[in-house]
Amino acid sequence: MMSTMQLASDKDFPITTSWIAKLILKKIPWIIVYFLLGIRYGQIYISWYTLIFPLFLIFVVVFPILSKINFHFTLGPDTITIYQGVLSKQRKYIRYGVIQNILISQDFLDRIFGIATILIENASGGRDTALTTTRGGKRRDLEFIGALENKLSIPGLKKAKAEELKAILLQQMQQNPIYDSQSGL
């Protein structure tokens, strides 16, 4: 039976608005290309570029904001509970014992904004190929918020808060191992 005791939540480890600013800043080159494609003979003309611009803005600005607003997590005594979803709401549970890896990552813009992403990988057997892309032979994780396949991403945390959350998770992993009678563990 699960206890309702809560160790921590997104209220203790908030996703900063700097994360939204970073996402928008990363899209500025695409916005510039978009307008350059819409310029002909020194004038912006009405075309399909202009007609799809509101959809582009929704994708670039509004969707990340809604994702941040609709993402919540709580650390309970046995599991991490994730509440997420803009169009369809989801609730997912991850037992501490199935967590295989906890990473804290910062890209160039994260360092500028003083934020970090904590990435939690579990042993659910999800396909991580959907979360990675290859550029120049290097494997890179795609940026996302919430649980997807066998990963949980909590972006936009202050660096110190990310380290603190990682320490709590590591402690809970040690206190809550999963014993599998079939594998002999």
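These legends walk you through close-up views of a predicted model.

**View 1. An open sheet of four strands.** Welcome to the sheet, where the strands line up in the order β1-β4-β5-β6 with antiparallel pairing. At its edges sit β1 (8–9) and β6 (90–95), each of which pairs on one side only.

**View 2. Where β1 meets β4.** Here β1 pairs with strand β4 (residues 72–75) through two bridges, in the antiparallel sense. To find your place, look for S9, which stands opposite T74 in β4.

**View 3. The hairpin of β5 and β6.** Strand β5 (residues 79–84) is joined to β6 by six bridges, and the two run antiparallel. A handy landmark is T81, whose bridge partner in β6 is Y93. Five residues lie between the strands of this hairpin, and G85 takes a positive phi near 125°.

**View 4. The largest nonpolar core.** This core has 28 residues. Which of them touch the most other members? They are F71, L75, I80, L152, I154, L165 and L169. Several elements each supply at least two residues of the core, among them the strands β4 and β5 and the helices α1 (17–38) and α4 (159–175). Also on that list are β7 (99–105), β8 (115–122) and β12 (151–158). In soluble globular proteins, nonpolar side chains tend to be buried together.

**View 5. A closer look at L75.** Leaving aside residues up to four places away in sequence, L75 touches M5, Q6, L7, A8, I80, Y96, L165, I168 and L169.

Conventions
Residues numbered from 1 in each chain as written. Predicted model: local features only at pLDDT ≥ 70, side-chain atom pairs only at ≥ 80, totals over all residues. Heavy atoms only, no water. Pairing = 2+ DSSP bridges. Core = buried A, V, L, I, M, F, W, Y, C linked by side-chain atoms within 4.5 Å. Buried < 20%, exposed > 50% of the residue type's maximum accessible area, 1.4 Å probe, protein only. Contact = heavy atoms within 4.5 Å.
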